[in-house]
Amino acid sequence: MLKSPSTQQFLQISWRPILVRILLFACLWWILTGGTPASWSVGVPAILIASYISLRFSRAIPFKLDYLSLLSFILFFCWQSLRAGIDVAKRVLQPRLPLNLGLVEFPTQLSPGTPAHTLLVNAINLLPGTLVTRIRRHSLTLHVLDTQAPIAAEAQALETRIAALFRLPHTNSSNHEKIGNDIS
């Protein structure tokens with residue numbers, strides 16, 4: 001039985017990345033909307049559009065994930081998010097707590113432009129009280145609420161887990177430089 005060229009192209013498409021993206025965006029939508037059934041009338045088109053855009057503009061960078069490390073990373077990130085959120089809430093509710101705004105230079109071993117580096121930057125930005133303000137080739141400048149807090153050590157622990165997640169070589173270092181605290 002002969003198949004038309006368009007049918008052959010359709011059968012040659014790798015469906016795995018498409019299905020993975022649709023599943024991930026569907027999970028994200030479900031989390032954001034609390035699983036409300038009425039939201040899916042907007043969610044399904046949004047998921048398909050997001051999946052198309054993700055596939056269209058993503059670069060194919062091969063990498064392997066360690067799924068056991070993924071679970072460890074998720075638990076670590078959730079714990080750090082909760083802990084940092086409580087710290088920020090305490091600082092808001094108790095103005096006596098120190099607030100030493102400043103910048104901390106964090107040297108990173110993850111190569112720029114890789115998924116691991118992108119995940120590190122995004123994860124730091126998602127943690128309450130920290131924000132990446134500058135990305136250089138092998139360092140990140142972090143804006144923090146308290147320069148006396150062990151922010152760099154926590155970022156180091158996050159980087160170590162991300163390196164393990166992507167099966168990348170990584171060594172712990174403690175060369176973090178505070179570059180100023182006169183930001184208000």
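Analyst: Axes are lines fitted to C-alpha atoms, for helices over the stretch in contact, with angles from 0 to 180 degrees between N-to-C directions. This model is predicted, so local features need pLDDT of at least 70 and side-chain atom pairs 80 or more, while totals for chains, interfaces and linings use all residues. Residues are numbered from 1 along each chain as its sequence is written, and side-chain values use heavy atoms, without hydrogens or water.

User: At what angle do the axes of H2 and H3 cross, roughly?

Analyst: H2 covers residues 15-33 and H3 covers residues 40-57. Their axes come within 9 Å. The crossing angle is roughly 135 degrees.

User: Which term describes H2 relative to H3?

Analyst: Angles under 35 degrees are roughly parallel, over 145 roughly antiparallel, 65 to 115 roughly perpendicular, and the rest oblique. The H2 and H3 axes cross at roughly 135 degrees. That is why H2 counts as oblique.

User: Which residues of H6 meet H5?

Analyst: H5 spans residues 115-126 and H6 spans residues 151-165, with axes within 10 Å and crossing at roughly 145 degrees. The contact holds nine nonpolar residues, no polar and one charged. From H5 come Ala116, Leu119, Leu120, Ala123 and Ile124. From H6 come Ala155, Leu158, Glu159, Ile162 and Leu165.

User: How many disulfides does the whole structure hold?

Analyst: The search looked for cysteine sulfur atoms within 2.5 Å of each other. Across the whole structure, the count is zero.

User: What is the relative accessibility of cysteine 78?

Analyst: Cysteine 27 is partly exposed, at 38% relative accessible area. Partly exposed lies between buried (under 20%) and exposed (over 50%), with a 1.4 Å probe and protein chains only. Cysteine 78 also counts as partly exposed, at 46%.

User: What share of the residues in the protein chain is buried?

Analyst: The protein chain has 184 residues. Among its contacts between residues at least 6 apart in sequence, 70% join residues at least 24 apart. The buried share is 27%.

Conventions. Helices (H or I, at least four residues) and strands (E, at least two) are DSSP runs, numbered from the N terminus. Contact means heavy atoms within 4.5 Å. Ala, Val, Leu, Ile, Met, Phe, Trp, Tyr, Cys and Pro count as nonpolar, Asp, Glu, Lys and Arg as charged, and the others, Gly among them, as polar.
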